[in-house]
Amino acid sequence: MSFGYPLRFSLYLSWKKVLRTKIFFFFMAGFIVLLAIFWWQAGYLYARRFFFSLFPYLFLLIAQDIFREEIDSGSLENVIFIRFNFRSYLQEKNISLFLLATIASTLVFVPFLLISLLPGDFSWAMFSSFFAGLMVGLYYISLAGLLGLRLRSGSNVLAIILIQVFLFLGLLVATSSGASGRDIIDLLISGQPQGSRERLILFSFLALWPNALTSRTYGSLGFKLEALALIFLFLGLQAWRLGRLELKRE
Amino acid sequence: MSEVILRAKGLAKRFGHVQALHQVDLELIRGKLTVFLGENGAGKTTTLKIILGFLFPDAGSVDKIQPGLRIGYVPELPAFFPWLKGEEILGLTAGLFGLGETESKKRRDEAAAFLSFDLSQLKRRVRTYSHGNQKKMAYLQSMLLDPDLLMVDEPFSALDPVAIKQVRDLFIRLREAGKTVFISSHLISEAEKLADQVIIIKQGRTLLQVDWPEFVQKGIYVRARRVGSIEKIIRDRWPESQTSDDWLEGFILRREWEEFLSGLNDDLKEAALKDVEIRPPDLESFFLFWNRYRSR
């Protein structure tokens, strides 16, 4: 797949930008500290589960202000982008950010993998969860990218996090709001929909909190295909919007 | 024989309710320096951005007639990736365009010496440079590509008088090397020293494109009073002139002016053309004349 802009330069630019993004490193450091605490307090398996649930947020964080800063700053009105289309460069940022976040995630995943070999905690499902996490990461990048075409200064990421906060607040309220609320919670815990209404509920839940895909409950191919369909939708919408993007800075 | 390397035809562009361009036509000729003149908001930058592919035209087309045309570009307010140092930007540019380290260093050093750009600044992020040095950095980056066509929006803005002279000399050197330069500028006095071609744009329409040195050689500026009795004759024979109340003003080729006069009998000349002022054309009054009066 070629977008006309050399990927290694997109990677280089993204890497340099990530190096400047202090919050990414704070998050990485905080994440590792939390993993260590979990490991110490609750054991290796809990820490591993915690890792799989949360590492997709690295992808979300790396996608903060993915497009707007460059579009608004005027840095795309550069001699480079007369020959190498700036729209292709922006599109390829999805790939370069995904690769960078994958490297960062792998660096944390590998110790888990190695340690699992020692006491016999190894399971092939670890890979399944890790790859599901990578898919969730791509989901976040594509969604944050789509939002980032309009939202500035990291508010694309903030919007997603706020929606998830409201989702969990809503679920908390649901637990104490009678039978129907508890039914929903039971459905989310079981991950076994009966009928189209329940399937729609689960689909909406995963669209809002795709991290659940890393758990065994949501390990079926159907859920992953749904997420994949949304990724293609977000990337398609991005490509459509980017294809019409103009540099209007005065 | 002049060789057109880029042609824009019938460009139109609307931003919301504002029709920025109505009809822009222009040609850039190899080895010539073309000056693009127009008031603020006339559509110069929009035209440049359409040519460069940063904006889509609503109508019209840009044909790069020379295959593989290498284009350099210096915007009015250059901006660079905020997180990159000068040397990283130049390295990235050289890498993208496949320049070897020796060649890119040679071109960089030459351009830096020409523009008196202190290379030690390259260790810093470009956004920490002064406006003038950011502008120089944009020139440096473009010169790295050895462009066939250099397009510059307000080439002298943010520059001190020394740098203005250096940039002017850079344009001359490029022209001497057979390169094409296209500048959009408000600084007419500087542009006049350089212009081979002049394009005037008003309210999103090209008014004219003229070979300036030829016009300076062959043309004149004419101003006369009490032309009321021959106003119709003037309108018929010299439609590009402007008459108002009792005076006449315009730019015309000397030969055409003489033909015009020879078509008038002595009495008319005596009665209608009083206080005739004739002088060589200068770019400022040429621009002001066209900008004030003419629209297609």
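A polar contact here is a pair of N or O atoms within 3.5 Å; within protein, one atom must be able to donate a hydrogen and the other to accept it, and residues adjacent in sequence count only if both atoms are side-chain atoms. By that rule, nine residue pairs are in polar contact across the interface of chain B and chain A, both residues of each pair being at pLDDT 80 or more.

Before going further, a word on the ground rules. This is a predicted model, in which local features need pLDDT of at least 70 and side-chain atom pairs count only at pLDDT 80 or more, while totals for chains, interfaces and linings use all residues. Residues are numbered from 1 along each chain as its sequence is written, chains are lettered from A and ligands numbered from 1 in the order in which they are written, and side-chain values use heavy atoms, leaving out hydrogens and water.

**Where the chains meet**

Let's stay with the interface. On the chain B side, 30 residues are in contact with 32 residues of chain A (contact means heavy atoms within 4.5 Å). The area buried between the two chains is about 2,900 Å², and carbon and sulfur atoms give 65% of it. Buried area is the accessible area, taken with a 1.4 Å probe, that two parts lose on being put together, summed over both. B:Phe54, B:Trp83 and B:Leu96 supply 27% of the area that chain B buries against chain A, more than any other three residues.

Three salt bridges also cross this interface (a side-chain nitrogen of Lys or Arg within 4 Å of a carboxyl oxygen of Asp or Glu). As for which parts of chain B take part, β1 (4-15), α1 (44-52), β5 (71-74), α2 and α4 (131-143) each supply at least two residues of the side that touches chain A. Of these, α2(B) gives the most, with five residues. Helices (H or I, at least four residues) and strands (E, at least two) are DSSP runs, numbered from the N terminus.

**Salt bridges**

Over all chains, the structure holds 28 salt bridges. Buried means under 20% relative accessible area, exposed over 50%, and partly exposed in between (1.4 Å probe, protein chains only).

| Pair | N to O distance | Relative accessibility |
|---|---|---|
| A:Lys16 and B:Glu88 | 2.6 Å | A:Lys16 21%, B:Glu88 12% |
| A:Lys248 and A:Glu246 | 3.8 Å | A:Lys248 49%, A:Glu246 12% |
| B:Asp282 and B:Arg279 | 3.0 Å | B:Asp282 22%, B:Arg279 28% |

The A:Lys16 pair crosses between chains, running from helix α1 (residues 7-20) of chain A to B:Glu88 in helix α2 (residues 86-96) of chain B. A:Lys16 counts as partly exposed, whereas B:Glu88 counts as buried.

Helix α9(A) (residues 155-175) has 21 residues and reaches 30 Å from its first C-alpha to its last, close to the 30 Å expected at 1.5 Å a residue. That expected span is 1.5 Å times one less than the number of residues. A:Asn156, A:Val157, A:Ile160, A:Gln164, A:Leu167, A:Leu171 and A:Ala174 are buried in α9(A). Seen down the axis of α9(A), these residues fall within an arc of 110° (taken from the directions from the helix axis to the C-beta atoms), so they line one face of the helix. On the other side of α9(A), A:Phe166, A:Leu172 and A:Val173 are exposed.

Then there is helix α3 (residues 44-54) of chain A, whose buried residues include A:Tyr44, A:Phe50, A:Phe51 and A:Phe52. Among the elements that cover the buried residues of α3(A) are α2 (22-42), α4 (56-62), α7 (86-117) and α8 (125-148) of chain A.

**A loop in chain B**

Most residues other than glycine have a negative phi. B:Glu154 has a positive phi, near 50°, and sits in the loop between β6 (149-153) and α5 (161-176) of chain B. B:Ala158, in the loop between β6 and α5 of chain B, has a positive phi near 75°. B:Glu154 is buried at 7% relative accessibility, whereas B:Ala158 is partly exposed at 47%.
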